[in-house]
Amino acid sequence: MAHATTIIDLARLSLSHGEGRRLELPVRLEPLELAGQSYAISTESVPVRLDVSRPSGGYAFRMRFPLRIEGPCMRCLEGAALETEVDAREVAQDNTDDEELRSPYVEDDQLDLGRWAHDAAVLTIPTRFLCRPDCAGLCSVCGESLNDADPGEHEHDVGPDPRWAKLRELELE
Ligand SMILES: [Zn+2]
Ligand SMILES: [Zn+2]
């Protein structure tokens with residue numbers, strides 16, 4: 001499996017305290033997965049805009065990129081797509097035991113931008129990934145998509161439950 005890593009060497013930016021820098025670079029994302037379902041992105045890499053600033057004793061980051069996610073609709077299984085904009089922030093303080101101020105993506109002045117971008121992209125996938133907000137889903141009887149069907153015309157003559165017929169037979173005996 002290919003690992004799409006994009007590591008930013010923060011020391012090489014040689015920012016003094018109070019300074020900031022904006023970087024723009026393409027980042028390849030690992031395949032996106034949520035709840036066992038995988039999603040595709042429509043481009044090989046995403047154009048990431050990364051703002052790095054250096055407040056006293058650490059780093060602060062803001063990462064932004066547009067994203068188009070493709071996958072099956074959770075109701076009708078047709079192809080669905082979502083256009084979204086990722087906007088995420090991280091802080092990384094030096095020499096702190098406070099978990100809130102430590103970033104899982106920063107170690108030894110190295111920012112793992114690839115992993116952060118991947119995780120942030122997964123967070124934008126809605127728990128209800130639908131082809132359209134009012135997707136009608138599949139017919140529970142025949143499995144046909146109800147989006148194209150006229151609801152008045154798509155009906156099944158289900159008939160009486162066969163178990164009742166069986167009971168009635170028993171009663172007659
Ligand atoms: Zn659908
Ligand atoms: Zn049906």
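I began with tyrosine 59, which is buried at 3% relative accessibility. The model I am reading is a predicted one.

**Entry 1: the rings**

I searched the whole structure for aromatic pairs and found four. One of them joins tyrosine 59 to phenylalanine 61, with ring centres 5.9 Å apart and planes at 20 degrees. I noted this pair as stacked because planes under 30 degrees apart count as stacked. Phenylalanine 61 is buried, with a relative accessible area of 3%.

I then looked up tyrosine 105 and tryptophan 116, which form a stacked aromatic pair with 6.1 Å from centre to centre and 20 degrees between the planes. This pair links distant parts of the chain. Tyrosine 105 is in the loop between β7 (79-93) and β8 (106-107), and tryptophan 116 is in helix α2 (residues 113-123), eleven residues apart. I checked burial as well: tyrosine 105 and tryptophan 116 are both buried.

Which residues form one aromatic cluster? I wrote down Tyr59, Phe61, Tyr105 and Trp116. I also found arginine 54 over the face of tyrosine 59, at 4.2 Å from the ring centre.

**Entry 2: the core**

I looked up the largest nonpolar core, which has 38 residues. Leu50, Phe61, Met63, Phe65 and Leu111 touch the most other members. The elements that give two or more residues to this core are α1 (10-13), β4 (37-41), β5 (45-53), β6 (58-72), β7 and α2.

I took methionine 63 as my example and left aside its neighbours within four places in sequence. Methionine 63 is in contact with Val48, Arg49, Leu50, Val86, Asp87, Ala88, Leu113, Trp116, Ala117 and Ala120.

**Entry 3: helix α2**

Why do I call α2 largely enclosed by the rest of the structure? Eight of its eleven residues are buried, so the description holds. I listed the buried residues of α2 as Leu113, Gly114, Trp116, Ala117, His118, Ala120, Ala121 and Val122.

**Entry 4: zinc ion, ligand 1**

I looked up the donors of the zinc ion (ligand 1) and found Cys73 (SG), Cys76 (SG), Cys131 (SG) and Cys135 (SG), at 2.2 to 2.3 Å. The angles among these four donor atoms are 107 to 114 degrees, and the site is tetrahedral. I wrote the sequence spacing of the donor residues as C-x2-C-x54-C-x3-C.

Where in the chain are cysteine 73 and cysteine 135? Cysteine 73 is in the loop between β6 and β7, and cysteine 135 is in the loop between α2 and α3 (162-172). They are 62 residues apart, and the pair links distant parts of the chain. Both cysteine 73 and cysteine 135 are buried.

**Entry 5: zinc ion, ligand 2**

I turned to the zinc ion (ligand 2), which is coordinated by Cys139 (SG), Cys142 (SG), His154 (NE2) and His156 (NE2), at 2.0 to 2.3 Å. Their sequence spacing is C-x2-C-x11-H-x1-H. The four donor atoms subtend angles of 104 to 115 degrees, so I recorded the arrangement as tetrahedral.

I asked of histidine 154: buried or exposed? Histidine 154 is buried, because its relative accessible area is 18% and the cut-off is under 20%. Histidine 156 counts as partly exposed, at 33% relative accessibility.

Conventions: Residues numbered from 1 in each chain as written. Chains lettered and ligands numbered in written order. Predicted model: local features only at pLDDT ≥ 70, side-chain atom pairs only at ≥ 80, totals over all residues. Heavy atoms only, no water. Donors = N, O, S within 2.8 Å, 3.2 Å for Na, K, Ca; no water. Tetrahedral: all angles 85-135°; square planar, octahedral: opposite > 155°, others 65-115°. Buried < 20%, exposed > 50% of the residue type's maximum accessible area, 1.4 Å probe, protein only. Phe/Tyr/Trp six-rings, centres within 6.5 Å; stacked < 30°, edge-to-face > 60°. Helix = DSSP H or I, 4+ residues; strand = E, 2+ residues; numbered from the N terminus. Lys NZ or Arg CZ within 6 Å of the ring centre and 35° of its normal. Core = buried A, V, L, I, M, F, W, Y, C linked by side-chain atoms within 4.5 Å. Contact = heavy atoms within 4.5 Å.
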